[in-house]
Amino acid sequence: MKRLLALVLCLPLLAAAKKPAPPAPAEFKFAISGDSRNCGDVVMPAIAADAREQGVAFYWHLGDLRWGSKIDEDILNAKDRQPPSLEQYQRETAWQDFQQHQLRAWGDTPVFLGIGNHELYGGNTRADFLAAFRPYVNQPAVEALRRNEEPETREPRTYFHWIERGLDLIYLDNASRDQFDAAQMAWFEGVLQRAAANPEVKAVVVGSHAALPHSFGRDHAMDDWELGLTSGERVYRMLLEFKQKTGKPVTVFASHQHFYMPNAFDTPFWKQNGGVLPGYIVGSGGAHRYALPPDAPSGSKTDVYGYLLVTAEASGALELEYREVKEGDVPPEVAARYAPAFVHWCFAGNSDSAAKKKK
């Protein structure tokens, strides 16, 4: 009788042990944007709140965390502290502020952090950036993949990649005019070769701070310097070749320009020189907003803040939605750090168009 009772009691456990693990979700979401200087301490918590509500798996920041050359307006106007000196700001306050008022807004949502040109202002170096933000540049998925592919490379770099449920997500560092250098190009070539051979990789997604050359945002992109132009063109052509040979989709993201622009590479140059890759510029994380170029493609937006919500399907296809955040979306506890007039200024006055109206 005892044996029979024990068998009955064990049956549910045996059934649970034999039950297969639930399949991975067929799709997942992530958020991407950049340029959260100037008013980022006001805007980024609103972006994080909306993105987390959408159930994103991670947030990818494309660089320019703080202003660097001058003190951000959101630091100068906070009611809860005295403004630092420029020297103190550049030495410690700027990045501490970013961690406290922007990164924390993401809670337990992983953040992958790219380097932008403003991270190298005020005497800062790439080594300083890596020391300050190592957990966000060297997320566990990044570190594990690097150790598997390059066991001799122990320390993280400011360019990196990771594979997330069929997407090979690659961050390229073009934060200074010595990039892309030969070492980064060789690394990138190896990443693409492995992605081509890996049947689990369904698509490639590339992010950088400045846009690759010959986009509609070419006036403030890798077109600005000679090595940027030549190495950026080479990266673009490598991606075209990868897509043509493998049939795997490729999508390219950048920030640096403080607006939102879809179809960024649907330009006469690329139409006549190899082909158009899906490309997006999304530098609307809080920075002073720029005027759009005269030939900006349909769907471009300025004088807005927001991010791209990306839904990745199991096939590797991406569905993108630009989600704008407005003044009323700023969390009350964030707004309370400032006078109402400053929060309003961030949304109504932090732009080229507002400055033009004052003249």
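Modeller: Helices (H or I, at least four residues) and strands (E, at least two) are DSSP runs, numbered from the N terminus. This is a predicted model: local features need pLDDT of at least 70, side-chain atom pairs count only at pLDDT 80 or more, and totals for chains, interfaces and linings use all residues. Residues are numbered from 1 along each chain as its sequence is written, and side-chain values use heavy atoms, with hydrogens and water left out.

Biologist: Let me try a loop residue. Where does Leu-65 lie?

Modeller: Leu-65 sits in the loop between strand 2 and helix 3 (73-76).

Biologist: Is Leu-65 buried or exposed?

Modeller: First the scale. Buried means under 20% relative accessible area, exposed over 50%, and partly exposed in between (1.4 Å probe, protein chains only). Leu-65 has a relative accessible area of 0%, so it is buried.

Biologist: Which residues does Leu-65 touch?

Modeller: Contact means heavy atoms within 4.5 Å. Residues up to four places away in sequence are not counted; beyond them, Leu-65 touches Ser-36, Arg-37, Phe-98, Gln-102, Leu-113, Gly-114, Glu-119, Phe-129 and Phe-133. For a distance check, take Ala-127: 62 residues from Leu-65 in sequence, 16 Å in space, C-alpha to C-alpha.

Biologist: Another loop, then. Where is Thr-158 found?

Modeller: In the loop between helix 6 (140-149) and strand 4 (160-164). With a relative accessible area of 6%, Thr-158 is buried.

Biologist: What joins the side chains of Thr-158 and Asp-173?

Modeller: A polar contact of 2.6 Å. The term covers a pair of N or O atoms within 3.5 Å; within protein, one must be able to donate a hydrogen and the other to accept it, and residues adjacent in sequence count only if both atoms are side-chain atoms. Outside four places in sequence, Thr-158 also meets Ile-115, Arg-126, Phe-129, Leu-130, Val-137 and Tyr-171.

Biologist: Now a helix. How many Å should helix 8 span?

Modeller: The rule is 1.5 Å times one less than the number of residues. Helix 8 (residues 226-246) has 21 residues, so it should span 30 Å; its end C-alpha atoms are 30 Å apart, which agrees. Just after helix 8, Gly-247 takes a positive phi of about 75 degrees.

Biologist: Which residues of helix 8 are buried?

Modeller: An α-helix has 3.6 residues a turn, so residues three or four places apart point the same way. Here the buried residues are Gly-228, Ser-231, Gly-232, Val-235, Tyr-236, Met-238, Leu-239, Leu-240 and Phe-242. Their cover includes strand 5 (167-172), helix 7 (182-197), strand 6 (203-208), strand 7 (250-254) and helix 9 (268-272).

Biologist: Zoom in on one. What does Val-235 touch?

Modeller: Beyond four places in sequence, Val-235 touches Leu-172, Phe-180, Met-185, Phe-188 and Leu-212. Val-235 is buried, at 1% relative accessible area.

Biologist: And Glu-189, where is that found?

Modeller: In helix 7. Glu-189 counts as partly exposed, at 36% relative accessibility. Glu-189 is in contact with Arg-234 and Met-238, leaving aside neighbours within four places in sequence. Glu-189 and Val-235 are 46 residues apart in sequence, yet 8.8 Å apart in space, C-alpha to C-alpha.

Biologist: On to strands. Which way do the residues of strand 7 point?

Modeller: In a regular strand the side chains alternate between the two faces of the sheet. Val-250, Val-252 and Ala-254 point one way from strand 7, Thr-251 and Phe-253 the other, and all are buried.

Biologist: In what sense do strand 6 and strand 7 pair?

Modeller: Two strands pair if DSSP finds at least two bridges between them. Strand 6 and strand 7 pair in the parallel sense, over 4 bridges. Val-206 stands opposite Val-252 in strand 7.

Biologist: What order has the open sheet of 5 strands?

Modeller: The order is 3-2-1-10-11, with mixed pairing. Strand 3 (111-113) and strand 11 (318-325) each have a single partner strand, so one side of each is left without a neighbour in the sheet. Strand 1 (residues 27-33) and strand 2 (residues 59-61) run parallel, joined by 3 bridges. Ala-31 stands opposite Tyr-59 in strand 2.

Biologist: Last feature. How many residues has the largest nonpolar core?

Modeller: A nonpolar core is a set of buried Ala, Val, Leu, Ile, Met, Phe, Trp, Tyr and Cys residues joined through side-chain atoms within 4.5 Å. The largest has 66 residues; Phe-30, Trp-60, Trp-106, Phe-133 and Leu-308 have the most contacts inside it. Helix 2 (residues 40-53) gives the most to this core, with 7 residues. A second, separate core of 37 residues includes Ala-195, Leu-212, Ile-281 and Tyr-290.
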